[in-house]
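Please look through the sequence and the model shown here.

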Amino acid sequence: MTLAGVTETCVSCSSHRQVPIRRAWNTRQLCRIQRRCRQWGGASCTRCHRRFRTCRQALESSEGSGDEPVDIDQLAKRLSQEAEKVRQQQSQDNQTTEPTEGEDLAAELAQTMRDAGAQRPAEVSSPFGYENAAREADILAEVGEGGFAAQEFELLEQIGQLSWVTETQSENPMSLGQQRTAQQTAIVAFTARYYSNLPFQDPQPTLLKEYLPGARSLGCNELQLLNHLHPLPEQKWRAAYAPLSSDPPIVPLLGYFMAGQSEVGAKVSNSKSPPGGALWLVYKWEALRPLSEYAYASQSSGGILFGTNEEAALRSRCRMLRSIMRGTLQALAFCHSRSVAHGSMGSGSVLLSTYDDRRANDLIVKLDNFGFGRAHYACSLDLKGDDDSCEQSAALFPGPKPLDEDHPLMLAQKEDLQALRGVFLELVFSALGSEGPSESTSGPALQRLLVDVFSGNMDEFRKYCEQEPDWQEAMLLLDQWNGAGWNLIRDLAAGAMSASALVDNHFCRV
């Protein structure tokens, strides 16, 4: 489309003139001109010497049109309609730069999410209570282009799924605790093969997480936090091909895309899919393993359970446990130093590069499942894309002001440390128990024992553990170095020390 000229009108004497434009404009640029038609032009009226202003776009010419007259009013009306559509898709109406293809795609996805919010029931739109369709749209617009399309992936195998459980207090006064009433699948995980469709780039294995429509806000929150901790890579294939690295100590997110539900997701989903379908997050495949399965793994050297060189196997096991705690605290310190709280610390959110006790020095620990996390941004998200504003803020306030202890982020980070106490207890007692992992050595069971039964009294809890014959090896490890293990548990429960400071505990020295 070529714009031959625009009509300008003098605001004083209403005289008109044609101003030629000698360049080609695409539709998006035409719409930008239409938004500026209320701004003053740079010419002057020859009759009254007042300034002209642009009133409408005109004289559209295209190949084969010849000298046929153009209906200026119809053209202006059509351009106004196109401009309105673009304004609805863009996250900022006053953006002056031409949006890229990726930004245009993100705007379309954002508008789809906003439209879907009006069609989803309340219990589906916000199952977790802190996200809604409008917030999802803002996050997608902020993150920008996902960099992937559904046709670039081949699903290989389902490797797991995550669900949330609705718990209600029992009405029976004689019943203790809570009663589980409902369970709904939120996430389905797959291994997949990524095809970049470029020469000399072989297909690469990836991990896909399908966030079902009812849990899409959960995926948007994880997308935002992971992008904040480590921005999405521009070279997708190169990032997927790169070897395993300990930096950053979080799962490497490559990008995302919107698509329909998988067959598995459609079967387990209890909600009707809104427009836009599911949110798919794409992760680099690193063959990491959850900490929750570590105690069940057999050791190639025989290990404690098989009676082969028990003393050496016990030393390797204790060294591995200390290395795991050190790596977990370092990963959590990485997040906390960037004003991010994990929000759901558990043994399933801690990933290990190996289960082999003999490779404790080579262990890599990373954190996963940031869907319930939260962050505090030093520069407001309303300034996205405005680097000058952020630089000016940094110049005025060169150092970030420390947050109050009762700030929501500080409280959330404290909860991370307290939750890590349960992970630590489960790790030690499950891995060193003579009977192996059991219901009594699970994190929730040990937390209830410490908090509900002994009211957080560490000395009483310690006496109880000493009386358990199956936990003697665990007690010996915690008692070493003047009770360094117990001191770490106390510090985690208090939440007063930062995760980076807890790394210096003698128990974590490997």
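Asp368 and Lys209 form a salt bridge, with their closest N and O atoms 3.0 Å apart; the term stands for a side-chain nitrogen of Lys or Arg within 4 Å of a carboxyl oxygen of Asp or Glu. This pair links distant parts of the chain, as Asp368 is in the loop between β13 and β14 (374-375) and Lys209 is in strand β7 (residues 204-211), 159 residues apart. Helices (H or I, at least four residues) and strands (E, at least two) are DSSP runs, numbered from the N terminus. Asp368 is buried, at a relative accessible area of 9%, and Lys209 is buried too, at 6%. Buried means under 20% relative accessible area, exposed over 50%, and partly exposed in between (1.4 Å probe, protein chains only). Salt bridges with shared partners join Lys209, Glu222 and Asp368 into one network.

The model is predicted: local features need pLDDT of at least 70 and side-chain atom pairs count only at pLDDT 80 or more, while totals for chains, interfaces and linings use all residues. Residues are numbered from 1 along each chain as its sequence is written, and side-chain values use heavy atoms, with hydrogens and water left out.

How many salt bridges does a search of the whole structure find? The search finds 12. One of the pairs is Glu136 with Arg216, whose closest N and O atoms are 3.6 Å apart. Glu136 counts as buried at 0% relative accessibility, and Arg216 is buried with a relative accessible area of 0%. Lys284 and Glu286 also meet through their side chains in a salt bridge (3.7 Å, N to O), and both residues are buried. Side chains of opposite charge can pair when their charged atoms come close.

Strand β7, which holds Lys209, is mostly covered, with seven of its eight residues buried. Its pairing with strand β9 (residues 278-284) is antiparallel and runs over six bridges; two strands pair if DSSP finds at least two bridges between them. Tyr211 has Leu279 in β9 as its bridge partner.

Elsewhere, three strands make an open sheet in the order β10-β12-β13, with antiparallel pairing. Its edge strands are β10 (289-290) and β13 (365-367), each pairing on one side only. Two bridges join β10 to β12 (residues 350-352), and Pro290 stands opposite Leu351 in β12.

What lies across β12 and β13? Helix α9 (residues 310-337) does, running at about 40° to β13. Axes are lines fitted to C-alpha atoms, for helices over the stretch in contact, and angles run from 0 to 180 degrees between N-to-C directions. Contact means heavy atoms within 4.5 Å.

The axes of α9 and helix α14 (residues 472-494) come within 12 Å and cross at roughly 10°. The two helices, α9 and α14, are therefore roughly parallel to each other, a label for angles under 35 degrees; over 145 counts as roughly antiparallel, 65 to 115 as roughly perpendicular and the rest as oblique. Among the residues that meet are Leu314, Cys318 and Met325 in α9 and Leu477, Trp481 and Leu488 in α14. By class, this contact of α9 with α14 has nine nonpolar, no polar and two charged residues. Ala, Val, Leu, Ile, Met, Phe, Trp, Tyr, Cys and Pro count as nonpolar, Asp, Glu, Lys and Arg as charged, and the others, Gly among them, as polar.
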